[in-house]
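Please open the structure in a viewer and keep the selection tool at hand.

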Amino acid sequence: MKIIVPMAGRGSRLRPHTLTVPKPLIPVAGKPIVHRLVEDIAKVLNQPIDEIAFILGDPAFFGDEIVESLEALAKSLNAKASIYRQDQPLGTGHAIMSAKVSLSGPAVVAYADTLIKADFKLDKDADAVIWTKKVANPEAFGVVNLNEKNEIIELVEKPKEFVSDQAVIGIYYFKDIAVLKEKLEEVLDENLMHGGEYQINDGIKKMMAEDRVFKTGTVDEWMDCGNKNVTVETNGRMLNFLHKDGEKLISDSVKITNSEITEPCYIGENVELVNAKIGPNVSVGDGTKITNSEIKNSLIQTFAEVKNAKLDNAMIGNFAKFDGNFTQISIGDYSTLE
């Protein structure tokens, strides 16, 4: 089994946080989004992973340190890491084809801006499985249209009339991804573009036109990391899941002086808390110092300094310094507010 992970985009909706850190590498509950996603997919598959192909963008942005972290992630799952580059931002289909050397055999394609919780078995008799989540407002999503056999016969983007309440979340299984590769090659050869991009859906539609069997795999939880607000919300949801599972979230090296922590919280290595109230639903990265502050429902990255603050729904980047009484903020790496 292979996992194909396109992650070349720069994450404009999460700026300023993604000016220096690619969105898939932003930590949620103390671990980068892409690490959590790949590990959770591996749990669902419950079978050996032979290769993980990461599709990155500009080497100036996705540099050696990021490559090393992804190679370490693959190694932790006893898999080979393959690194590919998407030289132009030409869409999801183009991103997958940037890894065409690895496109053979059974594989999962997963876009690295979402997190899941799921427990289901893949239908290996199907030619493909599209992972979905039941939603209350399907008109806001791309959804699947099912026949009487519960097979997917159509993908419908933001339907004005009800088609189904199963939204496509951006994770796909292919019994042989070489078939998708063949269809995406046709998409590129025909220059079939939408908004200047080649889309995976056009390759999938070509597969459906040949009566390939598509089934759904329904996830229990689908958590977006597309912008600041939803990323902070996802951080809180993930902390609650991990806390209920009994995972250790607070490092033994935390220095606590006249402070209290309301769980669930993730507190990293060598964090200092002085006259602080932290939580619930707060993640604090390694080496951060928080003084004279109350913080809840927030995500603070590494080596930041926060003082005299009362924060709710905040996201603070690496090495940032904040001193003030704002209640909703989003400041990026190396920023200073005093």
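Select P264, which lies in the loop between β15 (260–261) and β16 (265–267); strands (E, at least two residues) and helices (H or I, at least four) are DSSP runs, numbered from the N terminus. The peptide bond leading from E263 to P264 is cis, with omega near 5°. This is a predicted model, in which local features need pLDDT of at least 70 and side-chain atom pairs count only at pLDDT 80 or more, while totals for chains, interfaces and linings use all residues. Residues are numbered from 1 along each chain as its sequence is written, and side-chain values use heavy atoms, with hydrogens and water left out.

Next, select P280, in the loop between β17 (272–278) and β18 (282–284). The bond from G279 to P280 is also cis, with omega near 5°. For background, most peptide bonds are trans, and most residues other than glycine have a negative phi.

Move on to N297, in the loop between β19 (289–296) and β20 (298–300). Phi of N297 is positive, near 50°. Is N297 buried, partly exposed or exposed? N297 counts as partly exposed because its relative accessibility is 26%; buried means under 20% relative accessible area, exposed over 50%, and partly exposed in between (1.4 Å probe, protein chains only).

Select F303 in the loop between β20 and β21 (305–307). Its phi is positive as well, near 55°, and at 46% relative accessibility F303 counts as partly exposed.

Now display strand β9 (residues 142–146), of which 4 of the 5 residues are buried, so the strand is largely enclosed by the rest of the structure. Which strand pairs with β9? Strand β10 (residues 152–157) does so, in the antiparallel sense over 5 bridges; two strands pair if DSSP finds at least two bridges between them. V143 stands opposite V156 in β10. The two strands form a hairpin with 5 residues between them, and N150 in the turn has a positive phi of about 60°.

Proceed to strand β6 (residues 107–110), where A107 and V109 point one way, V108 and A110 point the other way, and all are buried. Strand β1 (residues 2–6) pairs with β6 in the parallel sense over 3 bridges, and K2 stands opposite A107. Strand β11 (residues 166–174) pairs with β6 in the antiparallel sense over 4 bridges; there, Y172 is the bridge partner of V109.

Finally, select E65 in helix α2 (residues 64–76). E65 counts as exposed, at 68% relative accessibility.
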